[in-house]
Amino acid sequence: MKYYWLICNTVIWTIVFGLSGIFASFFEKDKGKILGVCARNWGKAILFFSGIKWSVTGLRNIKSNKTPYFFTSNHASALDIPLAFAGIPNWLVSVAKIELKSVLILGWVMSTGGHIFVDRKNREKAYKSLEDAKKSLKKSPRSVLLFPEGTRTENGNLLKIKTGGINMAIEMGIPIIPVACKGTFEMLKNNAKSVGDGVLELRIGEPIMTGNGKKVNKHEIAILIKEKIENLLNY
């Protein structure tokens, strides 16, 4: 029952905050910024009305909610997304699979909000999407939520970190902040139709600087990100 209530809440609040944000965006100067606020409240509403308790630690590592960052998180459950949007105070957009763009209302909201869609099945299109995203982020700076494993874990263990989105952060000189979604796998496992008990925690790590004028190796950064996320999950 709790699982279906979670699904119901997700649909309801996606419609409420999505359509409200789109309407309000017609009157704003920085297109997508109001939808960023709506996304944060969307995450909080889903967790609250689904009866899911959560907390966030490490907010001091975000020097300013106006400074753009790449937040790189583990991806253990569908709950990672509302938890990250609820806990991160910055104007935040996600890197999402292209299939979501065609989902009724959700795709429209994400497109209007400036989220980044990537076709993972077509390398050439994926590369072009990231190049277009760089231009968009330069024109309208905002933070990016990235799940660099590329897919959800099946057993709770952190997968290999992919470098596509990370390389974009390096090329733009944007700091990378490792993030750990703790407890989401245990509460809602992949393909499970039940929601467990417990308290979720969003753990925010220290920034990894990419714009220091030195050449940065994306593979070394990927290894470092994985280490830092694992440390956040296990402390």
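Tutor: A residue counts as buried when its relative accessible area is under 20%, as exposed when it is over 50%, and as partly exposed in between, using a 1.4 Å probe and protein chains only. Please keep in mind that this is a predicted model, in which local features need pLDDT of at least 70 and side-chain atom pairs count only at pLDDT 80 or more, while totals for chains, interfaces and linings use all residues. Residues are numbered from 1 along each chain as its sequence is written, and side-chain values use heavy atoms, with hydrogens and water left out.

Student: Is I166 buried or exposed?

Tutor: I166 has a relative accessible area of 1%, so it is buried. This residue belongs to helix α6 (residues 164-172), where helices (H or I, at least four residues) and strands (E, at least two) are DSSP runs numbered from the N terminus.

Student: Which residues is I166 in contact with, leaving aside its neighbours within four places in sequence?

Tutor: Contact means heavy atoms within 4.5 Å, and by that rule the partners of I166, apart from those neighbours, include L146, P148, I161 and I176, as well as K218, I221, A222 and I225.

Student: How should I read the strands, taking β3 as a case, and which strands does β3 pair with?

Tutor: Two strands pair if DSSP finds at least two bridges between them. Strand β3 and strand β5 (residues 143-146) pair in the parallel sense over three bridges, and S94 has L145 in β5 as its bridge partner. Three bridges also join β3 to strand β4 (residues 116-118), again in parallel, with V95 standing opposite I116. Between β3 and β4 the chain passes through helix α4 (residues 106-112) in a right-handed β-α-β crossover, which means that, with the strands pointing away from the viewer, the path from the first strand over the helix to the second runs clockwise.

Student: Why is β3 described as largely enclosed?

Tutor: Five of the six residues of β3 (residues 92-97) are buried, so the rest of the structure largely encloses this strand.

Student: How many disulfides are there?

Tutor: A disulfide is a covalent bond between the sulfur atoms of two cysteines, and here the test is a pair of cysteine sulfur atoms within 2.5 Å. The count comes to zero. The sulfur of C8 has its closest cysteine sulfur in C38, at 19 Å, which is too far for a bond. C8 is partly exposed, with a relative accessible area of 31%, whereas C38 is buried, at 12%.
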